[in-house]
Amino acid sequence: MGITGYFELQWKCLIVVALRLLFLVPAGVPARSGESYLKDNITVRQGDSAVLKCNVDNKVSRVAWLNRTTILFTGNEKWSLDPRVVLLNTAVTEYSIKIINVNLYDEGPYVCSILTNKKPESTKVHLIVQVPARIVNISTDVSVNEGSNVSLMCLAIGRPEPSIFWKFRSSKGDGKGNRIITEGEYVEMTGITKDMSGSYDCITSNDISPPDVRTVQVTVNYPPVISRARSTGTAVGQKGVLWCEASAIPLADFQWYKGERRLFNGLNRVKIENKGKQSMLTFFNVSEEDYGNYTCVAMNTLGITNASIILYGPGAIHDVNNAALLPTSSFLLLTLVLTLSVLCKF
């Protein structure tokens, strides 16, 4: 600091002492001599502007605004270095300041000190700053195997203290699983099931602004479950289609067998087409040799299952619901071999 700056600082200190001696700027708190008036608290939202008003008359000889022990304005002279604090040109009976883009550091007591006919007066105002609720930390998306334990976390800040609750949205998309599941920062799930897979919305609010919402995606991995498989009747020479559907995460890989012989796409006049959860075995020109029992095998890294499906001709005695989810005795060995190959592969 240069000599000029030093003397300027000393001069301001002397002015402060002089003002205190005049009961205009008390040390630390408003003047204890004279009259003091307490106005209502002023509440503003963080980022908004606050206007602090002070009523004066033509008998006032000196006036100043203070924040704690800091002088903001004395008369029309600005002492504060904060560009957000400005003096308003209002009516002659009003000495008001405006704080732009209010933040938490602005909260606290403000005093308008007035000297009238050598008699000091002060008006006290307490500024309260409210902060909209905001999520500051939340769990990342998780992928777990069925049966695992899962803990989700969501932390929020705000003034007043925000509330937090969790809403679950099922990955099935049917709307039936949408519900509020708990309140608080944490969600604890023990032995998670595939039905608990979906979106978990953390919602926080303190009524200062619209709620803040963040989402954690929970993916539950589980072995294939064949949900639909139906036998089909087709005449010789016609096109026949067998299909099966399996739910699984990760998605299942499909294989087709007739007896213990695996079928491949494009061979023996058949086409195998896998689309998401479904697999279709298409016969373009059904022959007598094509009739019989077929097995749809669904597998992923967590397990393997199969269903038996029949392609039959007109007049054949059959059970249209014979999508046997239990393996035949001849298929048990094949299932065991496939299971071991899947486990060795992954």
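Biologist: How do the residues of the lining of the second largest pocket divide into nonpolar, polar and charged?

Modeller: Please keep in mind that this is a predicted model. The lining of the second largest pocket divides into 4 nonpolar, 3 polar and 3 charged residues, and the pocket itself has a volume of about 220 Å³.

Biologist: Which residues line the second largest pocket, and which element gives the most to its lining?

Modeller: The lining is made up of Ser171, Lys172, Lys194, Asp195, Ser197, Val220, Tyr222, Val225, Ser247 and Ile249. Two or more of these residues come from each of the elements E17 and E19, and E17 gives the most, with 3 residues.

Biologist: How should I read a nonpolar core, and which residues have the most contacts inside the largest one?

Modeller: The general idea is that nonpolar side chains tend to be buried together in soluble globular proteins. Here the largest nonpolar core has 22 residues, and those with the most contacts inside it are Leu242, Trp256, Leu281, Phe283 and Tyr294. Several strands give two or more residues to this core, among them E17 (212-229), E19 (240-249) and E25 (303-312), while E19 gives the most, with 4 residues.

Biologist: What is Phe283 in contact with, leaving aside its neighbours within four places in sequence?

Modeller: With those neighbours left aside, Phe283 is in contact with Gln238, Lys239, Gly240, Leu242, Arg269, Val270, Asp290, Tyr294 and Leu311. There is also a second, separate core of 20 residues, which includes Leu72, Tyr95, Val102 and Leu127.

Methods: Residues are numbered from 1 along each chain as its sequence is written. This is a predicted model: local features need pLDDT of at least 70, side-chain atom pairs count only at pLDDT 80 or more; totals for chains, interfaces and linings use all residues. Side-chain values use heavy atoms; hydrogens and water are left out. A nonpolar core is a set of buried Ala, Val, Leu, Ile, Met, Phe, Trp, Tyr and Cys residues joined through side-chain atoms within 4.5 Å. Buried means under 20% relative accessible area, exposed over 50%, partly exposed in between (1.4 Å probe, protein chains only). Contact means heavy atoms within 4.5 Å. On a 1 Å grid over the protein atoms alone, a cavity is a set of points where a 1.4 Å probe fits but cannot get out, and a pocket is an open set with protein on both sides within 12 Å along at least five of seven lines; lining residues have an atom within 4 Å of a point. Grid points are joined across faces, edges and corners, and a volume is the space filled by probe spheres set on the points. Ala, Val, Leu, Ile, Met, Phe, Trp, Tyr, Cys and Pro count as nonpolar, Asp, Glu, Lys and Arg as charged, and the others, Gly among them, as polar.
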